[in-house]
Amino acid sequence: MTSDGTTREAPVFTARRWWLPSAVADELTDVPDPDPDAGRRGRPRRTARDWLVDFCCFLLAVFVGLASADVLSHVPHTSHALAVADQLLGALSCAAVWLRRRRPLALAVAMLPVSLVSTTAAGAGIVALFTLAVHRPFRHVAWTGGAALALIPVVCWWRPDPDLTYAGAVVFSVLLTLSAIGWGMFVRSKRQLVLSLRDRARRAETEARLRAEQAQRLAREAIAREMHDVLAHRLTLLSVHAGALEFRPGAPQEEVARAAGVIRESAHEALQDLREIIGVLRAGDPDEAGRPQPTLAALDALVAESREAGMKVTLTSTVTDPAAVPASLGRTAYRIAQEALTNARKHAPGTEVTVTVTGAPGDGLDIHVRNPAPEQEAPRVPGSGQGLIGLTERAGLTGGTLEHGPAPDGGFEVRGRLPWG
């Protein structure tokens, strides 16, 4: 399968279509039939192999008919008119062999009474039974083949073979009929096996394409969550300090310079993070592109950055060695704290936020971020809550849980518990 979902085997089957049966070739190649009239007639266009097989069947019917005509000439009490009529029916039956693909059931049924009255039509009757077994279900073969087997004793009694006994002729005819039917059923089962393998391969290709599309979708969702987690924090700092400069034009020069420095630094960090995410899209692995991903050891720097932005943050951590926390676990805890601080800055400005981190190997890692109710209602920010939804899913992927909601005193709290085995 190629990257665009197409298969590479189709051109091979198309090039070798002439050597496949028409029914199988049309199913395998899935190309438009070059003969539109054949499609309207409800039958596929014959391949070169079909013409060769039909010609061989015609020759077989003619050969058996000529051999039967030679035997018929040595049968006593056979008039010349009866021999001519027998040979005429045999010739018409051999010609009808060319219609075996279009009307296999009708040809096989018609050959039953013809074979009863014409010895030279025996070859065409065998070919008709073989064709019926190849192209039609078993119930048709059972009824028609059973009728042909039932007529064999009558034919052998009515037209005895001068070189064989009655019992020998019956046994030979029964074996020949059963061989033709059995070979036809074998050919049909082989074709059905090929088509079933084709369908299985196509289902496998479809499932592989769906898995690839699902993997791409999951990768896009992961990148989207990472963009939200990274950029929302930086852009919130920009919004807070830009708003302070807008509403306090007469602020002291030192405060203006500090706010401008925070804006410049946050814009620089946001640009760096955005470049990293774009690098992830190009490189394909977020853990190998750009700067090292933040872990729990970077939580102190995050709190310090929030304090420089004017927030009141209290950090309490009982984890003795944050660097020993697994990278994926620490990164998830860092993102939870980052998102909670960003939400507190947007929805509860001026409140004191407490961040508590506890845990040890075997006990799990707990992170709790809480802020009281703001003194005045903050303006509604579009798209609020999407980050917490993404973090809930992210925590679930690590085997943990994330709960968030209003606190009893009107504030807001976020509780995350992650497995640390």
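Some ground rules. In this predicted model, local features need pLDDT of at least 70, side-chain atom pairs count only at pLDDT 80 or more, and totals for chains, interfaces and linings use all residues. Residues are numbered from 1 along each chain as its sequence is written, and side-chain values use heavy atoms, with hydrogens and water left out.

A disulfide is a covalent bond between the sulfur atoms of two cysteines. Here, a disulfide is a pair of cysteine sulfur atoms within 2.5 Å. How many disulfides does this rule give? The count is zero. Take Cys 56, which is in no disulfide. Its nearest cysteine sulfur belongs to Cys 57, and that is 7.1 Å away.

Now exposure. Buried means under 20% relative accessible area, exposed means over 50%, and partly exposed is in between, with a 1.4 Å probe and protein chains only. Cys 56 has a relative accessible area of 42%, so it is partly exposed. Cys 156 is at 9%, so it counts as buried.

On to the helices. Helices are DSSP runs of H or I with at least four residues, strands are runs of E with at least two, and both are numbered from the N terminus. Helix H7 covers residues 122-135, and helix H8 covers residues 138-158. They pack at an angle of about 160°, with their axes 9 Å apart. Axes are lines fitted to C-alpha atoms, for helices over the stretch in contact, and angles run from 0 to 180 degrees between N-to-C directions. How do the two helices run, roughly parallel or roughly antiparallel? H7 is roughly antiparallel to H8, because angles over 145 degrees count that way, while under 35 is roughly parallel, 65 to 115 roughly perpendicular and the rest oblique.

Which residues make the contact? Contact means heavy atoms within 4.5 Å. From H7 come Leu 129, Leu 132 and Ala 133. From H8 come His 140, Val 141, Thr 144, Gly 145 and Ala 148.

Next, Val 174. This residue sits in helix H9, residues 166-247. Val 174 is at 24% relative accessibility, so it counts as partly exposed. Leaving aside neighbours within four places in sequence, Val 174 is in contact with Leu 149 and Ile 152.

Last stop, Ala 324. Look in the loop between strand S1 (312-317) and helix H12 (327-347). Ala 324 is partly exposed, with a relative accessible area of 47%.
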